[in-house]
Amino acid sequence: MEERVCGRSGQQLSTVGLGTWQLGGDWGEFREEDAPALLDAAVEAGVTFFDTADVYGDGRSERLIGSYLRARPDVRVTVATKMGRRVPQEPENYTLDNFRAWNDRSRTNLGSDTLDLVQLHCPPSEVIASDAVFDALDTLVAEKRVRGYGLSVETCDQALAAIARPGTVSVQIILNPFRLKPLERVLPAAEAAGVAIIARVPLASGLLSGRYTEQTVFAPEDHRTYNRHGEAFDQGETFSGVDYATGVEAAAEFARLVPEGASPAQTALRWIIQQSGVTTVIPGARNAEQVRANAEAAALPPLSDAVLHEIGELYDRRIRPQVHDRW
């Protein structure tokens, strides 16, 4: 597995990491006892980067990762978590005192005195514009609570504002063949500034796997049921903001572009990996088989210019009219 430098931190991250939202819930039922096998499969496949958040299962994802790493002291993994979504999304809640309290909780959950990377979890734009917020994040680094900080964002404008901050190590943003807008300005700006790009929602909540039809029914506790129109949080987090019926049809077209020997999901991940400026991509997985298949995308040959052109054409024709200007 190739590793790339995580921006200004100097940490090495596998090009394919592991998103762990599913360990906390919101993707249907996940049994805690299944977590060690899933994390083992990731490590054995060369994954050296886990991404989590303090709200995934109200800390369950963090706790499962912490328990795993305590049981496997031989494992070398960089763990990034997120904070800020456990309170109402009002700028006045983003204070140093709250940061310390949230950080204390995550350090306890993960069993680590110093966290590798902490990201503000899709904060309001006013927070990203606040000098006091970044002074507080710098304080967390100075107090050795965290090695570095970054931001997970919803929009390209938010990403650019975060990249402009001199202490920002990483920006996490939705990027996949159904979300191309970050290619225009965000990735070039991050590359020029030495800021890592962590690509999230890489399979458009599973659409790009090609496994779903218009008749697919998701569990009630799955965000693909209850947040399809942005009822609970930003709509872009679910199917990348694409209307489900449109997404299913576009995914079927995408599947026809897949090179021999690869799956649709692997092709989507390969597309992300070869975008200049991307550091790592963080697909989730519900079992060891999915983890291994995702990791194998890193070893696939680069997609041809012809395939890249077809993916761009598909986006312009089917997806861009719905989502491009919104995010």
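This is a predicted model: local features need pLDDT of at least 70, side-chain atom pairs count only at pLDDT 80 or more; totals for chains, interfaces and linings use all residues.
Visitor: Why is Ser 240 called buried?

Guide: Ser 240 has a relative accessibility of 0%, and because the cut-off for buried is under 20%, Ser 240 counts as buried. Ser 240 lies in the loop between helix H9 (223–226) and helix H10 (244–255), and, leaving aside residues up to four places away in sequence, Ser 240 touches Ile 174, Asn 176, Arg 179, Val 201, Ala 204, Ser 205, Val 323 and Trp 327.

Visitor: What makes helix H11 mostly covered?

Guide: Helix H11, residues 264–273, has ten residues, and ten of its ten are buried; among them are Pro 264, Gln 266, Arg 270 and Trp 271. Those buried residues pack against strand S1 (3–5), strand S9 (196–200), H10, S10, helix H12 (288–296) and helix H13 (305–323).

Visitor: How do you know that strand S4 and strand S5 pair, and in which sense?

Guide: Two strands pair if at least two bridges are found between them, and strand S4 (residues 49–51) and strand S5 (residues 78–83) have three bridges, therefore they count as paired, in the parallel sense. Within this pair, Phe 50 stands opposite Val 79 in S5.

Visitor: What makes strand S3 and strand S10 the edge strands?

Guide: Eight strands form an open sheet with parallel pairing, in the order S3-S4-S5-S6-S7-S8-S9-S10, and strand S3 (18–19) and strand S10 (280–281) each pair on one side only. Helix H4 (residues 96–110) lies across S5 and strand S6 (117–121), and runs at about 140° to S5.

Visitor: Which residues lie nearest the centre of the largest pocket, and how many residues line that pocket?

Guide: The largest pocket holds about 960 Å³ of space, and 43 residues line it, with Trp 21, Gln 22, Trp 27, Ser 205 and Gly 284 nearest its centre. To be counted in the lining, a residue must have an atom within 4 Å of a point of the pocket. H12 gives the most to this lining, with four residues, and by class the lining has 18 nonpolar, 14 polar and eleven charged residues.

Visitor: What is the volume of the second largest pocket, and which helix gives the most to its lining?

Guide: About 260 Å³ of space lies in the second largest pocket, whose 14 lining residues include Leu 69, Val 77, Ser 112, Thr 114 and Asp 116, the ones nearest its centre. Helix H3 (60–71) and S5 are the elements that give two or more residues to this lining, and H3 gives the most, with three.

Key: Residues are numbered from 1 along each chain as its sequence is written. Side-chain values use heavy atoms; hydrogens and water are left out. Contact means heavy atoms within 4.5 Å. Axes are lines fitted to C-alpha atoms, for helices over the stretch in contact, and angles run from 0 to 180 degrees between N-to-C directions. Buried means under 20% relative accessible area, exposed over 50%, partly exposed in between (1.4 Å probe, protein chains only). On a 1 Å grid over the protein atoms alone, a cavity is a set of points where a 1.4 Å probe fits but cannot get out, and a pocket is an open set with protein on both sides within 12 Å along at least five of seven lines; lining residues have an atom within 4 Å of a point. Grid points are joined across faces, edges and corners, and a volume is the space filled by probe spheres set on the points. Ala, Val, Leu, Ile, Met, Phe, Trp, Tyr, Cys and Pro count as nonpolar, Asp, Glu, Lys and Arg as charged, and the others, Gly among them, as polar.
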